Amino acid sequence: MYSALYRRLRPKRFEDIIGQPHIVRTLRNQIMKGKASHAYLFNGTRGTGKTTSALVFAKAINCETPENGEPCLTCAACDAIGRGAGFNVIEIDAASNNGVDNIRDIREEVKYPPAHGKYKVYIIDEAHMLSTSAFNALLKTLEEPPKGVIFILATTDPQKIPATVHSRCQRFDFKRISSEVMSAAITGYLKDEGIEAGSEAVSYVTRISDGSMRDALSILDQCAAFYMDEEITIEKIMSITGAAGNEVSSALLTALSENNAPECIQIIDTVTKNGKDIHQFTNEFITFLRDSLIVLTTGNNAAKILDLSADNINKLKEGIKNISTTSLARCIAKFSELQQRMRFATTPRILFEITCVNICRGDRPRSPEPPTAPPNPTSQNYGINICNGDRPRSPEPPTAPPNPMTQIYDILNKK
Ligand SMILES: Nc1ncnc2c1ncn2[C@@H]1O[C@H](COP(=O)(O)OP(=O)(O)OP(=O)(O)O)[C@@H](O)[C@H]1O
Ligand SMILES: [Mg+2]
Ligand SMILES: [Zn+2]
């Protein structure tokens with residue numbers, strides 16, 4: 001059976017884990033010195049190496065012949081854990097086992113020493129999904145687990161982990177993997193797999209994956225399967241991911257810069273009618289804005305920073321001929337904010353439309369009195385604005401929430 005690229009390529013040793021040097025180094029040192037903690041909290045966005053690091057850690061700490069804190073990969077313990085048959089590694093998905101009874105089962109189980117090897121490692125994935133009573137039931141065990149038991153809680157949402165749990169764990173924050181680091185690793189993987197892809201395509205994938213290695217590998221996997229034996233290009237990736245394309249982003253940016261709200265609404269309508277997902281289009285549009293900003297601000301260096309061909313840089317330049325860095329930076333801020341709000345929205349398309357309409361209206365506060373509070377220099381100000389001499393804006397005074405539908409119809413009727 002075909003195994004997904006990201007599963008096949010899961011790092012087996014610490015040295016293969018990329019982009020998290022601070023974590024890898026600490027864990028290796030702890031294993032070498034025999035000073036591992038009894039409870040860890042691995043926090044970070046999806047696909048950045050939490051589960052992978054937990055598994056490598058479990059192997060290394062049980063390894064019969066570790067080398068500098070690395071698992072040897074050949075002893076019986078390494079082999080069993082590597083094959084997923086490790087009796088000493090217990091993976092629990094807290095999303096579907098979040099009740100107090102599940103934790104009681106664990107509490108019963110931890111009393112028995114490991115059948116093989118030195119440590120039983122409990123990896124609780126999506127730990128933030130545990131219920132309050134489950135967390136409470138876990139506290140005592142977490143504080144003083146029986147000898148030979150280690151807990152690793154992994155989460156993408158640390159705010160939902162109670163302080164009582166936090167304080168009993170050693171916390172490691174997994175960072176989004178930078179585009180450069182990811183590109184270098186992926187280029188090596190693709191070579192080993194015999195998949196052809198230009199550096200431009202690899203760089204594009206890493207940028208749209210937003211720091212998640214799993215996302216990047218999944219996209220490439222899909223692309224390689226669909227276009228079997230063909231070279232992977234940006235265009236092929238765009239068609240696989242359902243991207244609307246730079247022409248659409250460029251048209252939307254032009255409409256925004258001309259304060260042409262009806263045109264914006266029209267573009268959004270076409271995007272959704274073509275079956276594109278609005279969340280994805282938002283990500284794509286932000287990537288386009290960011291690329292454009294780099295082109296505008298760094299000139300000839302842009303090709304190197306973005307790893308794009310001269311042809312694609314010229315296309316970007318063409319699309320932003322009449323756009324200023326200030327409006328680009330402002331758009332990035334507005335659409336990044338939108339991206340956050342969209343996560344919990346039931347009508348993301350309307351939010352997108354409102355953002356466009358507001359930008360076209362100049363997005364000025366509509367209340368009669370300007371605010372008197374001193375401006376907050378850090379709020380909403382991206383470095384680029386400061387370089388531009390842009391003045392920090394005062395916080396907007398509270399206004400009644402606008403009715404989205406009335407706003408949109410107003411604009412459409414004006415057309
Ligand atoms: N830091 C990394 N170095 C190398 N490969 C990585 C890294 N992070 C993720 N990957 C790749 O992505 C896949 C998924 O990673 P992993 O399961 O560790 O992510 P995670 O952080 O646990 O994500 P989630 O929060 O979704 O559970 C791995 O099998 C591996 O191929
Ligand atoms: Mg995981
Ligand atoms: Zn070993």
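Select Lys-120 to begin the tour: opposite this residue stands Val-149 in β4, where strands are DSSP runs (E, at least two residues) numbered from the N terminus, as are helices (H or I, at least four). This is a predicted model, in which local features need pLDDT of at least 70 and side-chain atom pairs count only at pLDDT 80 or more, while totals for chains, interfaces and linings use all residues. Residues are numbered from 1 along each chain as its sequence is written.

Now extend the selection to strand β3 (residues 120–125) and strand β4 (residues 149–155), which run parallel and are joined by five bridges; strands pair if DSSP finds at least two bridges between them. Both belong to an open sheet of five strands with parallel pairing, in the order β2-β3-β4-β1-β5, whose edge strands, β2 (89–93) and β5 (170–174), each pair on one side only.

Next pick Leu-153, which, leaving aside neighbours within four places in sequence, is in contact (C-beta atoms, placed from the backbone, within 7 Å) with Tyr-40, Leu-41, Ile-124, Ala-127 and Cys-169.

Finally, show helix α13 (residues 261–273) with helix α18 (residues 348–360), whose axes come within 9 Å and cross at roughly 155 degrees, the axes being lines fitted to C-alpha atoms over the stretch in contact and the angles running from 0 to 180 degrees between N-to-C directions. α13 is therefore roughly antiparallel to α18, a term for angles over 145 degrees. Where they meet, select Ala-261, Cys-264, Ile-265, Ile-268 and Thr-272 in α13, together with Arg-349, Phe-352, Glu-353, Cys-356, Val-357 and Cys-360 in α18.

Terms used
Chains lettered and ligands numbered in written order. Contact = placed C-beta atoms within 7 Å. Parallel < 35°, antiparallel > 145°, perpendicular 65-115°, else oblique.
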